[in-house]
Amino acid sequence: MCKAYLTPYWTCVYNELSRHDPIPLPLQRIFLCLVALSYLPIMFPLAIGHLVGLDDSYFDFDKVVAHTSTLLPLMSVTTTLSQMQLYVCFSLTAAFFATLVWADMTAAERPFRWRKAWDTDNNTCYDDMFCEPSRKDRLIRRPGNTLSNFFYFFSAILVLASTYSRAFNSEKTIFILSDTTFGIMMLILSVSSTFWHGCNASWAHVVDLWSMEAVILYLPVRMMSLGAFGTLCKHSWDPNMASNIASVACMFVYLVHILSNGSRWKKKYDNKFLHSHCPFAVRNRLPNSPYLKTSMGPISLVEVYMFALMPVSQNIPSLILVKTVYGTLGSICFVKILNISLALGWGYRMTERWAFDACRHIKFFSERMEVSKKNEDHLKSFAWMTLAAVLSPTAVLHYCTGITLTAAFCHAMSIEMIMLHKF
């Protein structure tokens with residue numbers, strides 16, 4: 001048996017993973033190419049729609065229902081918020097993060113100390129997961145990963161404002177309670193992720209993961225519940241009764257997930273699951289890793305490929321529902337935005353340290369930043385830090401998936417509008 005060793009940081013672990021995997025190397029390369037190529041079709045929803053047999057009537061929401069294909073008017077129509085209200089949501093988000101930046105800048109002249117009980121000096125798990133360089137003794141230690149939560153915060157405010165507006169609107173609506181819960185969970189995600197990346201407090205990491213999983217789950221559950229509403233209506237159920245059943249079912253499933261998953265993460269936090277290392281990082285799940293027994297078990301290339309295929313696979317249930325129940329693809333504008341942003345963010349995220357650790361350019365920026373600091377060239381140091389922050393894989397994931405969540409919610413609302421009008 002070979003001696004256990006940990007693959008060093010800034011070393012791409014894909015080659016190590018490939019070397020230990022039982023799949024023959026030629027097949028590995030074929031699968032890798034297929035995964036990369038599978039991202040291309042989802043960026044062209046019209047072509048895919050026609051390929052699976054959808055006619056032009058499935059794509060007419062933007063022009064026939066919303067009477068526009070411009071982004072802001074479409075957001076206004078689907079969320080029932082005026083463009084001024086959308087601007088207020090954006091302004092509130094900007095004010096929150098501007099306050100954080102101001103607080104960080106005013107604390108720059110003196111070391112900032114977070115609460116000792118939060119165990120913020122334990123960087124082991126964080127360094128296992130992320131490659132953005134850390135700024136010690138600052139309020140915001142990793143500006144890219146922290147401030148990119150702007151997009152989650154905006155999306156949360158947008159969902160909550162939209163839900164409030166619809167609740168007091170005379171138009172027919174559905175899923176008010178579950179949409180409110182979704183907005184609250186996204187708000188929790190944005191705040192906990194800001195704390196986690198700002199100071200790596202261990203409690204914030206657990207809350208971040210819990211709320212993140214809740215946010216990821218909700219829209220697929222909502223779309224399936226809307227499918228159940230359409231199915232009941234097609235079988236001659238009263239639309240009001242069908243909408244109540246679909247709303248209660250959606251809320252019940254979502255609430256059960258939130259509570260059960262919260263209990264699971266609470267137990268992991270109590271057992272210090274994320275205290276000494278990151279159990280799901282690829283390098284810690286390699287056969288040569290000393291953490292193999294305390295991680296989530298050995299990892300295979302099949303698992304990696306399936307994870308990388310998420311932006312593609314999440315479209316399959318939606319297409320089935322579109323063809324069998326909805327009778328519409330909703331807003332094409334939002335379908336394009338959500339698929340392109342998710343594919344870009346998810347694909348680039350695979351280069352993060354906890355995944356393949358393939359961001360050598362971040363290492364270059366970090367080294368240049370340290371050299372500039374030693375030379376007391378503060379302008380260059382700030383420039384290199386900014387490049388590392390903006391191009392951090394997790395920061396890019398936050399930009400892209402924040403946009404995805406906003407577009408996906410608006411897209412879900414576009415389908416809901418057609419379904420409620422139909423029945």
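**Cysteines**

I started with C410: its sulfur sits 9.3 Å from the closest cysteine sulfur, the one in C333, so that is too far for a bond. My cut-off for a disulfide is a pair of cysteine sulfur atoms within 2.5 Å. C410 is buried, at a relative accessible area of 0%. For the record, buried means under 20% relative accessible area, exposed over 50%, and partly exposed in between, with a 1.4 Å probe and protein chains only.

Next came C33, whose closest cysteine sulfur belongs to C12 and is 15 Å away, again too far for a bond. C33 is partly exposed, with a relative accessible area of 47%. The disulfide count under this rule is zero.

**Ground rules**

I'm working on a predicted model, where local features need pLDDT of at least 70 and side-chain atom pairs count only at pLDDT 80 or more, while totals for chains, interfaces and linings use all residues. Residues are numbered from 1 along each chain as its sequence is written, and side-chain values use heavy atoms, with hydrogens and water left out.

**Cores**

Which residues have the most contacts inside the largest nonpolar core? I got M129, F182, F229 and Y326, in a core of 83 residues. The helix that gives the most to this core is α11 (residues 202-234), with 14 residues. A nonpolar core here is a set of buried Ala, Val, Leu, Ile, Met, Phe, Trp, Tyr and Cys residues joined through side-chain atoms within 4.5 Å. Helices are DSSP runs of H or I with at least four residues, strands are runs of E with at least two, and both are numbered from the N terminus.

I then listed what M129 touches, skipping residues up to four places away in sequence: W196, H205, C278, F280, E352, R353 and W354. Contact means heavy atoms within 4.5 Å. There is also a second, separate core of 20 residues, with Y14, V35, Y305 and L342 among them. As background, nonpolar side chains tend to be buried together in soluble globular proteins.

**Second largest pocket**

I looked up the volume of the second largest pocket and got about 820 Å³. Volume is the space filled by probe spheres set on the grid points, which are joined across faces, edges and corners. The grid is 1 Å over the protein atoms alone; a pocket is an open set of points where a 1.4 Å probe fits, with protein on both sides within 12 Å along at least five of seven lines, and lining residues have an atom within 4 Å of a point.

The lining of this pocket has 32 residues, and R135, R138, P143, F382 and M385 lie nearest the centre. By class I count 14 nonpolar, eight polar and ten charged residues in that lining. Ala, Val, Leu, Ile, Met, Phe, Trp, Tyr, Cys and Pro go down as nonpolar, Asp, Glu, Lys and Arg as charged, and the others, Gly among them, as polar. At least two lining residues come from each of α6 (83-106), α8 (143-147), α17 (360-374) and α18 (378-390).

Is H197 buried or exposed? H197 counts as buried, at 2% relative accessibility. H197 is in helix α10 (residues 176-199), and beyond four places in sequence its contacts are Y126, F130, R142, N145, T146, N149, T394 and H398.

V101, in helix α6, is partly exposed at 31% relative accessibility. Apart from neighbours within four places in sequence, V101 is in contact with I140 and L147. I also checked V101 against N123: they are 22 residues apart in sequence and 22 Å apart in space, C-alpha to C-alpha.

N339 belongs to helix α16 (residues 332-349) and is buried at 3% relative accessibility. Leaving out residues up to four places away, N339 touches I42, P311, Q314 and N315.

**Loops**

T80 is not a glycine, yet its phi is positive, near 60 degrees. T80 lies in the loop between α5 (71-79) and α6 and is partly exposed at 30% relative accessibility.

D119, also not a glycine, has a positive phi of about 55 degrees. I find D119 in the loop between α6 and α7 (124-129), partly exposed with a relative accessible area of 26%.

W114 is in the loop between α6 and α7. Its contacts, not counting residues up to four places away, are T120, R138, L139, R141, F195, G198 and C199.
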